[in-house]
Structure formats: structure tokens, C-alpha cells
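Biologist: I would like to learn how to read a model like this one. Please take me through it feature by feature.

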Amino acid sequence: MPRPRWFARERARLVIGDVDAEALDKLHAELSAAGAEVTSVAGDVSVSGEVERLIRTAVERYGRLDVAVANE
């Protein structure tokens, strides 16, 4: 089972990102439909500022970042 789905099944609160907005929207909808609390941030993790935005979003939304997974 891919990691975002596993984390969602374990009731983790998720911030997901992808450079492909269509794929990001699809995964967000799937995780939300399964009952996960999820926030999406479109971006390219090869750009440091966009990684910082993902982290900042997680901290602002959920108060902290516990785990980061890249290249799923």
C-alpha cells in the first residue's frame, strides 16, 4: 500500500504535494473520501522554496511536522 494511503488508514493528518496538479487532486479526493484529514499543496520538491512552503503549511495547519516522505 503506498505511503499516503497507509498514513491515512492510521488516521494521520496529511499534507500532500505533487508537481502534477491533476494527480494531486485525485489523491486528495481519494484520501478525503476515505475519511483522512488532508491538505494539498501543489509544487515541485526540487525547488527549496516550495519544500519550505509544504513544511510551513503542515506547521500552520497542524502545529508540527512529524514525518516527511518524498518520491512516493
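Biologist: How do I read accessibility, and is Ala-42 buried, partly exposed or exposed?

Modeller: Buried means under 20% relative accessible area, exposed means over 50%, and partly exposed lies in between, with a 1.4 Å probe and protein chains only. Ala-42 has 41% relative accessibility, so Ala-42 counts as partly exposed. This is a predicted model: local features need pLDDT of at least 70, side-chain atom pairs count only at pLDDT 80 or more, and totals for chains, interfaces and linings use all residues. Residues are numbered from 1 along each chain as its sequence is written, and side-chain values use heavy atoms, with hydrogens and water left out.

Biologist: Where is Ala-42 placed, and which residues does Ala-42 touch?

Modeller: Helices (H or I, at least four residues) and strands (E, at least two) are DSSP runs, numbered from the N terminus. Ala-42 sits in strand β2, residues 37-42. Contact means heavy atoms within 4.5 Å. Not counting residues up to four places away in sequence, Ala-42 touches Asp-18, Leu-24 and Arg-53.

Biologist: What does Ile-16 contact?

Modeller: Leave aside neighbours within four places in sequence. Ile-16 then contacts Leu-24, Leu-27, His-28, Leu-31, Val-38, Thr-39, Ser-40, Val-41 and Leu-54.

Biologist: Which residues make up the largest nonpolar core?

Modeller: A nonpolar core is a set of buried Ala, Val, Leu, Ile, Met, Phe, Trp, Tyr and Cys residues joined through side-chain atoms within 4.5 Å. Here the largest one has eight residues: Ala-8, Leu-14, Ile-16, Leu-24, Leu-27, Leu-31, Ala-36 and Val-38. Both β1 (13-18) and α2 (21-33) supply at least two residues of this core. The most come from α2, with three.

Biologist: Is Glu-22 buried or exposed?

Modeller: Glu-22 belongs to helix α2. Its relative accessible area is 68%, so Glu-22 is exposed. The C-alpha atoms of Glu-22 and Arg-56 lie 22 Å apart, and the two residues are 34 apart along the chain.

Biologist: What about backbone angles: what is phi of Arg-11?

Modeller: Phi of Arg-11 is near 70°, a positive value in a residue other than glycine. Arg-11 lies in the loop between α1 (3-9) and β1. Arg-11 counts as exposed because its relative accessibility is 63%.

Biologist: Now the whole chain. In what order do the elements run?

Modeller: The protein chain has three helices and two strands. From the N terminus the order is α-β-α-β-α.

Biologist: How does the radius of gyration compare with that of a compact globule?

Modeller: The radius is taken over C-alpha atoms, and the globule rule is 2.2 Å times the number of residues to the power 0.38. For 72 residues a compact globule would be near 11 Å; the protein chain has 11 Å, which agrees. The C-alpha trace spans about 30 × 25 × 20 Å along its principal axes. Of the 72 residues, 21% count as buried.

Biologist: How much of the contact set joins residues at least 24 apart?

Modeller: Take contacts between residues at least 6 apart in sequence. In the protein chain, 45% of these join residues at least 24 apart.
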